[in-house]
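These are my notebook entries on a structure that I looked up. I set down each point in the order in which I examined it.

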Amino acid sequence: MVPIYLREPCNRTAQERSAAVLARRASEAPLDLSRLRADRQRAACDADVLVARFAEALAARGVRVTWAPTAAAAAARIAALAQERPVAASRAAVVAELYESLLDLGVRVISTYGPQGSSFAPRYEHAWQLPRPPALANWQTRPWQEPSNPPRALLGLLGVNAASAANGSLYLLQHSENIGELLAAAQTLVFAVGREKIVADDAAAQRQVAACSAYGCEAVLLDLGRTPAPAQPLAALAGLSEGERAVEVILLDNGRRDLLEGPHRALYDCIGCRACSARCPTYPFFRGPRGWSPKDYLWSHLRGENPSLDLCTLCGNCEADCPLDIPIPAMIAARRQETLRARGRNWGDWQRRVQGNVEALSRAFSRAAPVSNHLVGLPPVRAVMDKVFGIAPQRQLPRFRRDRFDARPRRPAGNGTPPVVYFYGCFANYNHPEVAETAVRILEHLGYQVLLPPWKCCGIPLYAKGEIDAARRLVEFNVRTLAAYAERGLTILTTCPSCQLALARDYPRLFPSSAADRVAAHTRFISPFLLERGVEGTLPGRAWRVGYHLPCHLRALGLRDETPQLLARVRGVEVAPLDRGCCGLSGTFGLERAHYRESMAIGAGLFAAARSTRWDEIATDCGACKLQIEHGTGRQVVHPLEILARAELSARAVPAAAAMGGSGR
């Protein structure tokens, strides 16, 4: 018998098989992610050797191994083994790959995944409802012992979280009771092993399954909250069998080998923990019965099973939560470009290209303001925008300003030292110039000379649509302009989260060059910059209660607390995070007619929190989030700098060297 190990929450009593166990803070030592990364690198570099060793180890134990190059081949073998018996399946990503092929062959597949009884109450629907601290648990890894009771006449199909090439050991993760019950009940056990799950030895396999248990807890709690309990117990599916228990391992490729030689190689590093699901705003819409995670959403598209990647908003939450920092958003954007090049643009693609050209649209609307603002509110114009540009007729566009920031007369910048560079971006220029004016005023108040370089849109909107070549032209202009300041050691400041993400992280990663590296190293978001300079203030009058919404792109950069901390330094301001996840607009995603409903559903929790009379004001750093919250609540939303500008500010003395360089955050 092949050695099988179960990783599960400690179960000293039956009650501890509950969400309370999953939500308990981990008592074990923190995971060594550097070792995990080394394990995954070896799994990729030695993939063929490890697969061969694993198969040899199983054969030496008398376990049959079937090599399946495709999902159809794996399904055919399972159908032959089932012989009209029902197939009871765990809910693993590798099992989901086989689902359609099994149904095509007429196999009766029954899911065993779901909360057991009432032990998983309360049921969590949203990430912000999860217990605090983050949902980690006390876990144990134990060897599974084959029971002495006779099995039932059914086939158990299970995915494997890790497999040891050294001795063929299989490691499975269970959060409820379904896997243990399935192992004990099924007469035939079939383990589907994706070749990427095979690692060098048991120590590496244990690290991998431990990481899955630690980083996947939040996603599991949410999935269990969205999943009904199994319709019937295993005992009701089939009667007892007199035959002996049989075990077979199916080694599945299904395109995995190709990943190692293509632009999506990082997907091979994925351990399948599903942490990327917990805060993905659109996951509930593509999750479906097969349980796709954001990684699976891309992987299924590469296999040709998922025709579109339109539901990814490139918010970056998946990458922020991934223990291995797998750049799923970047790969999805690159795949969108590949698709455009392969099939050409259809009408919807042209609409999205126009939507992504934010600066050109903003410039045109601003030049025609305020007439343009009036026209876009008229029903005939809304109908045209719907048909021609794909903009949802319910959507309120931002108000465009003729007195944009770059057209306003500028007084002499003075001789403040040291100078800083301000990249203000599209929204602060065309829609909300008060943000840019306020940023300049605060910086000059602190003694800085503010330099305003030539600029173009950061390129993120076009990049998100897969229009990477068009985005590259904008990036090259900005890098060429800003690199000259970075070479002088000057700090480049932003007030827009998306611009910060572009300049500080995405430029060197997506459009690599030494100049892009220099720009990234010297780019700072304004909130931590002001925090480090000891900015404080006093807001006259009564206490002002501010609800703060964290934009996804700041979360993706790890800048989760800096803006609330900055506001909290103003006496007279009480600030608290709204903590309701993504607003749902996600750049131009929520502007589209095709995604308007999803956009509003994503933001519903945030809207409810923002409507509360508890708050005197709602604040966020992101112009798109401001637009969405105002649309969903009807109340005005301000940039945090606008609150700061009302206060009487003070700061510690800032030496000239303090503004030199940056951390890219």
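**Entry 1: a strand pair and its sheet**

I began with Thr538, which stands opposite Glu648 in β22. The model is a predicted one, in which local features need pLDDT of at least 70 and side-chain atom pairs count only at pLDDT 80 or more, while totals for chains, interfaces and linings use all residues. Residues are numbered from 1 along each chain as its sequence is written, and side-chain values use heavy atoms, with hydrogens and water left out.

I noted that strand β16 (residues 536-538) and β22 run antiparallel and are joined by three bridges. Strands here are DSSP runs of E with at least two residues, helices are runs of H or I with at least four, and both are numbered from the N terminus. Two strands pair if DSSP finds at least two bridges between them.

I then traced the open sheet, whose three strands come in the order β18-β16-β22 with mixed pairing. β18 (570-571) and β22 (648-650) are the edge strands, each with a single partner, so one side of each has no neighbour in the sheet.

**Entry 2: Glu648**

Is Glu648 buried or exposed? I recorded Glu648 as exposed, because its relative accessibility is 60%; buried means under 20% relative accessible area, exposed over 50%, and partly exposed in between (1.4 Å probe, protein chains only). Leaving aside residues up to four places away in sequence, Glu648 touches Glu536, Gly537 and Thr538, where contact means heavy atoms within 4.5 Å. I also looked up Glu305, 343 residues from Glu648 along the chain; their C-alpha atoms are 59 Å apart.

**Entry 3: two packed helices**

I turned to helix α4 (residues 71-82) and helix α5 (residues 93-104), which pack at an angle of about 65 degrees with axes 8 Å apart. Axes are lines fitted to C-alpha atoms, for helices over the stretch in contact, and angles run from 0 to 180 degrees between N-to-C directions. Ala71, Ala72, Ala74, Ala75 and Ile78 of α4 make the contact with Glu97, Leu98, Ser101 and Leu102 of α5.

**Entry 4: cysteines**

How many disulfides are there? I found zero, a disulfide being a pair of cysteine sulfur atoms within 2.5 Å. The closest cysteine sulfur to that of Cys217 is in Cys273, 10 Å away, which is too far for a bond. Cys276 is also in no disulfide, and its nearest cysteine sulfur, that of Cys318, is 6.3 Å away. I recorded Cys217 as buried, with a relative accessible area of 0%, and Cys276 as buried, at 10%.
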